[in-house]
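Good morning, and thank you for coming.

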Amino acid sequence: MWDYTDDVKKHFLEPRHAGQIDHPDMDATVGNITCGDALRLMAKLDEQHRIVDAKFQTFGCASAIASSDVLIDLILGKTVDEAAVVTNQDIANALGGLPDAKMHCSVMGVEALRKAIAEWRGEPFDLDDHGHVVCQCFGVTDTLIEKVLREEKLRTVDEVTHYTKAGGGCGACHGKIRQIISAVWGAPAETPAKPAAAGAMTNLQRMQKVQEVIETEIRPVLQNDGGDLELIDIDGTTVKVAFRGSCAWCRARDFTLDGTIGAKLRELVDPDITVEDVSETLA
Amino acid sequence: MSEIIYLDNNATTAVAPEVREAMMPYLTELYGNPSSVHRFGGQVETAVDRARQQVAELIGCEPDEIIFTACGTESDNAAIRSALATEPDKCHLVTTRVEHPAVRNLCHDITHGGPFRSGYRLTELGVDSQGMLDLQEVGNALSPDTAVVSVMWANNETGVIYPVEAIGAMCRENGILFHTDAVQAVGKVPFALRDLPIDMLSVSGHKLHAPKGVGALYVRRGVRFEPLLKGGHQERNRRAGTEAVANIVAFGAAAELAKKNIALEKTQVARLRDKLEAGLLASCPNAIRNGTAESRLPNTANISFEYIEGESILLMLDEYGICASSGSACTTGSLEPSHVLRAMGVPYTAAHGSIRFSLSVFTTEAEVEKVLEVTPPIIKRLRELSPFGRD
């Protein structure tokens, strides 16, 4: 059981601002049902752009609901400009703190607020979303990770997961998250050792290495998600694979092919490698 | 808080009063070591032997086929590690995607890094949307280098019962060791191992009203065994370490109680479970049963309430003293919902809102009625809070 504060329990069991507003001036939704939490924030403004009424609808755990409710406590009666400076830490503080692994609930609250304000102002919401999706499991972009990373001064993959959920699923993006951390803070990236002079590899060595990387780095990740991969053939630098299990009908299959498998093989074996999906031709 | 309504018996169970009574002397005056030569220790050894007999009677085997362990997880580890140690020329393991972490993570650990690094291959069998295995797929997975097949008897989350007899027979035909994690089945489903093609079977005490900290591994006579814990000669050289006598005695008493009560599982427990399940499915819109109703434990109901999140449901039930569990991401300790429901292809809209109610012979009609009364308003309330679900 999570160690929730009494304030979290209070806002969860008796939220004061749950509901909907007819014809709201601001209305934004963040998150989605697949990820396990989502928040819709609605608000009414007066002529001075003061938030006179606000409601939320939240799908999620106790801390997600409590964060939504307390967010509205924090913004009610404020002007849009005043509300815009509310941070996720303000939400967590107002709840007497949140468990580390639940900090993403407070981040969701503040993202909904920022999105609502940006849309109301007619500005592009900076996370909506020109970034590149890093975490496929939860659809978290590099833009969001970098933003939260800077704001919260996060230094480890675990912390990034607690605040953004990125990396909390299959774990395939941990390397990319580490790269973002080191790009922001300038720390040396913890990357696996690169193979020595790739060009010096014989065909046989390359084949062995490809097999090893597929077995050790790629299949376990796919299997974790109910999928699998079969190595069909290696022809020079062309690696032919077939998807199995849930990968075979996965929408992200093309991304997995080049973005995950190709990238991994190029990184660890030979920069010239290309990967071909031959699932269909075999079927 | 109001009185507890405990419907989380697949997680753990209450220690039965007669079980507690049976173990008390071994926590007080009878503190001897069963290995000692003196009579003071000897009488303790007799108590351990008696417990072994009681557990053997529950699962229909000989007492010398029972090894007492610390828990179900230890039994699983001992069984699978022993299979690999005694079959050094084989390098393949077969299990399912819906195993308890005790088997699943162990198999992942053994095969970590794949054949190149670990020397072992793992096949994890999938299940269909009802949580069932395809026997033909099991057969296809077996190969000459398969050392061990481990398939759970009954799933802890859905209660789905797997065809262990048929799978065991296929393994036997192919000279492959078969292990089953029967932690959820023992005491709920009657069986006699002497009639079954099962080589090793794991049991846990605290799932059948014994205290936590004791389990057993059945190893069929004639199956070679390599101990996990090495040291002294306890458990006929199969599990070193001074016996947890009080826990073992309690386990024996619990086994005897389970044998006495097992007929109630199919009648009383199943009836209350069916009443609870049918009532919730009828009174809550967009509620779905997870797992087949054809082949499952009598005590388990796993229901998904679509468009809402499991932890919220649990915490609201908790306000009424009702204890259940969920496969939602927020309660699994990870950010992903239950691996069992995902393996069954349960959509995320439903997996996040899954609740498991697991009953016991101590569950009463009044408790079930209380749950039926308070749950629908909770579901309705959370749906009102959710941006997705409308009743």
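What is the area buried between chain A and chain B? It is about 2,900 Å², of which carbon and sulfur atoms give 64%. Buried area is the accessible area, taken with a 1.4 Å probe, that two parts lose on being put together, summed over both.

Let me state the conventions. This is a predicted model, in which local features need pLDDT of at least 70 and side-chain atom pairs count only at pLDDT 80 or more, while totals for chains, interfaces and linings use all residues. Residues are numbered from 1 along each chain as its sequence is written, chains are lettered from A and ligands numbered from 1 in the order in which they are written, and side-chain values use heavy atoms, with hydrogens and water left out.

I begin with the interface of the chains. Here 43 residues of chain A are in contact with 30 residues of chain B, contact meaning heavy atoms within 4.5 Å. Between chain A and chain B there are two salt bridges, a salt bridge being a side-chain nitrogen of Lys or Arg within 4 Å of a carboxyl oxygen of Asp or Glu. B:Arg117 forms a salt bridge with A:Glu212, with 3.6 Å between the closest N and O atoms. Side chains of opposite charge can pair when their charged atoms come close.

Five residue pairs, both members at pLDDT 80 or more, are in polar contact across this interface. A polar contact is a pair of N or O atoms within 3.5 Å; within protein, one must be able to donate a hydrogen and the other to accept it, and residues adjacent in sequence count only if both atoms are side-chain atoms. On the side of chain A that touches chain B, at least two residues each come from helix H1 (6–13), strand S2 (37–45), strand S3 (51–59), helix H2 (62–75) and helix H9 (203–224) of chain A. Helices (H or I, at least four residues) and strands (E, at least two) are DSSP runs, numbered from the N terminus. H9(A) gives the most to that side, with eight residues.

Next, chain B itself. Its domain assignment gives domain 1 (5–12 + 262–385) and domain 2 (17–257); such bounds come from an automatic or database domain assignment. The C-alpha centres of domain 1 and domain 2 of chain B lie 28 Å apart. Between them, these two domains of chain B bury about 2,400 Å², 58% of it on carbon and sulfur atoms. On the side of domain 1 of chain B, B:Ile262, B:Leu297 and B:His339 lose the most area to domain 2 of chain B, together 25% of what that side buries.

How many salt bridges are there between domain 1 of chain B and domain 2 of chain B? The count is zero. Residue pairs in polar contact between the two domains of chain B, both at pLDDT 80 or more, number 14.

Finally, I return to chain A. A:Asp27 forms a salt bridge with A:Arg40, the closest N and O atoms being 2.8 Å apart. This pair links distant parts of the chain, with A:Asp27 in strand S1 (residues 26–32) of chain A and A:Arg40 in strand S2 of chain A, 13 residues apart.

The mean pLDDT of chain A is 84, and 89% of its residues reach 70 or more; pLDDT is the predictor's confidence in each residue, from 0 to 100. Over residues 189–199 of chain A, however, the pLDDT is below 50. Where pLDDT is low, the predicted coordinates should not be read in detail.
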